[in-house]
Amino acid sequence: MLWVKAFHIVAVVCWFAALFYLPRLFVYHADAKDVESIERFKVMERKLYRGIMTPSAIATVVLGAWLVSYGTDYYFSSGWFHAKMLLVVMLLGYHHACGRLLKKFANDENTRSHVFYRWFNEFPVLVLIGVCILVVVRPF
Ligand code: HEM
């Protein structure tokens, strides 16, 4: 179980690195004017999303489900775990939203400003704080 947990945490760290960086790229991309920068952002965004963000999201969920299999009754009857799963579902929704925004940028159809993406960028921070408190403190 400890080995699985170690790699679950590795996958979580990789997922969050991408969840923090991709919307940051959107901030700069939304503000970019020259074609060369815009085309470079498109490549960076696509590679980050496909090469790191989605694979590490899958690894996080698969390894998390593996951890659950060690104590199904305990986790399914724990309030903190239900709350964690709610936050994870919201994070997967955010991940999906990033994928849709990436497609818009790829087609030069973005209509939102860099200020919007600055705020959009804050959501995973809140989820990270919430999940860490839930899994470590287990307040309920
Ligand atoms: C479907 C997704 C996920 C599932 C099923 C899942 C499940 C689990 C389980 C069963 C454990 C072991 C808890 C224990 O020690 O008894 C665990 C540990 C942990 N999870 Fe997840 N997890 C998921 C996603 C996440 C996400 C998105 C994060 C971060 C935001 C996260 C952060 C952690 C951390 C930090 C630990 C270590 C807790 C500790 O040992 O103190 N997990 N996870």
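Visitor: At what angle do helix 4 and helix 6 pack, and how far apart are their axes?

Guide: Axes are lines fitted to C-alpha atoms, for helices over the stretch in contact, and angles run from 0 to 180 degrees between N-to-C directions. Here helix 4 and helix 6 pack at about 160°, with axes 10 Å apart. Angles under 35 degrees count as roughly parallel, over 145 as roughly antiparallel, 65 to 115 as roughly perpendicular and the rest as oblique. Helix 4 and helix 6 are therefore roughly antiparallel to each other.

Visitor: What should I know about the model itself?

Guide: This is a predicted model, where local features need pLDDT of at least 70, side-chain atom pairs count only at pLDDT 80 or more, and totals for chains, interfaces and linings use all residues. Residues are numbered from 1 along each chain as its sequence is written, and side-chain values use heavy atoms, with hydrogens and water left out.

Visitor: How many helices and strands does the protein chain have?

Guide: Helices (H or I, at least four residues) and strands (E, at least two) are DSSP runs, numbered from the N terminus. The protein chain has six helices and zero strands. From the N terminus on, its elements read α-α-α-α-α-α. Its C-alpha atoms fill a box of roughly 55 × 25 × 20 Å along the principal axes.

Visitor: Which hand does the crossing of helix 4 and helix 6 have?

Guide: A crossing is left-handed if the near helix is turned anticlockwise from the far one by less than a right angle, and right-handed if clockwise. Helix 4 passes helix 6 in a left-handed crossing.

Visitor: How do helix 2 and helix 4 cross?

Guide: Helix 2 covers residues 35-68, and its axis comes within 11 Å of that of helix 4, crossing at roughly 160°. This pair is therefore roughly antiparallel too: helix 2 and helix 4. Their crossing is left-handed.

Visitor: And at what angle do helix 1 and helix 4 pack?

Guide: At about 40°, with the axes of helix 1 and helix 4 11 Å apart. That makes helix 1 oblique to helix 4. The crossing of helix 1 and helix 4 is left-handed.

Visitor: Which residues coordinate the iron atom of the ligand?

Guide: Donors are N, O and S atoms within 2.8 Å of the metal (3.2 Å for Na, K and Ca); water is not among the atoms, so sites may look incomplete. Here H8 (NE2) and K84 (NZ) coordinate the iron atom at 1.8 to 2.1 Å. The pair links distant parts of the chain: H8 is in helix 1 (residues 2-31), K84 in helix 4 (residues 79-106), 76 residues apart.

Visitor: What geometry does the iron site have?

Guide: Four donors count as tetrahedral if all angles lie between 85 and 135 degrees; four count as square planar and six as octahedral if opposite donors are over 155 degrees apart and all others between 65 and 115; anything else is irregular. The iron site is octahedral, with angles of 86 to 177° among its six donor atoms.

Visitor: Are H8 and K84 buried or exposed?

Guide: Buried means under 20% relative accessible area, exposed over 50%, partly exposed in between (1.4 Å probe, protein chains only). Both H8 and K84 are buried. V4, in helix 1, counts as buried at 8% relative accessibility. Buried residues make up 37% of the 140 residues in the protein chain.

Visitor: What is the phi of D108, and where does D108 lie?

Guide: Phi of D108 is near 55°, a positive value in a residue other than glycine. D108 lies in the loop between helix 4 and helix 5 (114-120). D108 is exposed, at 55% relative accessible area.

Visitor: And what is the phi of R138?

Guide: Near 45°, again a positive value in a residue other than glycine. R138 sits in the segment after helix 6 (123-137). R138 is partly exposed, at 36% relative accessible area.

Visitor: Where does UniProt place the feature "transmembrane region"?

Guide: UniProt positions are given in the numbering used here, feature names are shortened, and annotations may be inferred rather than shown by experiment. The unreviewed UniProt entry places "transmembrane region" at residues 6-27, 48-68, 74-94 and 115-137. In the model, residues 48-68 are 100% helix and 0% strand, with end C-alpha atoms 28 Å apart. Residues 74-94 are 90% helix and 0% strand, with end C-alpha atoms 28 Å apart.
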